[in-house]
Amino acid sequence: MSADRKRAPDPQRIKAIDTGRRGEDAAARLARSRGWTIEARNLRTEAGEADLVCVRQGADGRLGLLIEVKTSADAQSDLVARVDARKQRRLWQIAELLAARLDVVEMQVAVVLCVLESNREELTWRSLSAW
């Protein structure tokens, strides 16, 4: 293949990107329903990427929330296994960086597990501190 020809997009990769985007959209709706304002999506930091960055006003000041979204179109997929101890450490590193940027009194981390089936979304919110 010559260098000036572009490769056709991989249909499986396109489907995976679409599934991930749908999961993040669903997680953002869930966060908003819990009183959070979405500040950023897919924010890159020195420690890694934050899927959703949220804020809200708490009793003692502004609160921050980092949400990691794990999505699958397969109900049998083990989404919990995708957030192992190494990934959890990385999420807290990202959260520490964001806390300073957001000027918050407290930073929280949550994981939203999202299974997308046909016309149905099954969402599970898990606080990382209680993981």
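Reader: Which residues lie nearest the centre of the largest pocket?
Author: This is a predicted model, in which local features need pLDDT of at least 70 and side-chain atom pairs count only at pLDDT 80 or more, while totals for chains, interfaces and linings use all residues. Residues are numbered from 1 along each chain as its sequence is written, and side-chain values use heavy atoms, with hydrogens and water left out. The pocket (an open set of points on a 1 Å grid over the protein atoms alone where a 1.4 Å probe fits, with protein on both sides within 12 Å along at least five of seven lines; lining residues have an atom within 4 Å of a point) is lined by 16 residues, and nearest its centre lie Gly-20, Glu-24, Asn-42, Asp-51 and Val-69.

Reader: Which element gives the most to the lining of the largest pocket?
Author: Two or more lining residues come from each of α1 (11-33), β1 (37-45), β2 (48-58) and β3 (61-72), helices being DSSP runs of H or I with at least four residues and strands runs of E with at least two, numbered from the N terminus. With six residues, the element that gives the most is α1.

Reader: Is Thr-19 buried or exposed?
Author: Thr-19 is found in helix α1 and touches Thr-71, Ser-72, Ala-73 and Leu-116 (heavy atoms within 4.5 Å), not counting residues up to four places away in sequence. Since buried means under 20% relative accessible area, exposed over 50% and partly exposed in between (1.4 Å probe, protein chains only), the 12% of Thr-19 makes this residue buried.

Reader: What is the phi of Asn-42?
Author: Asn-42 is found in strand β1 and is partly exposed, with a relative accessible area of 35%. Although Asn-42 is not a glycine, its phi is positive, at about 50 degrees.
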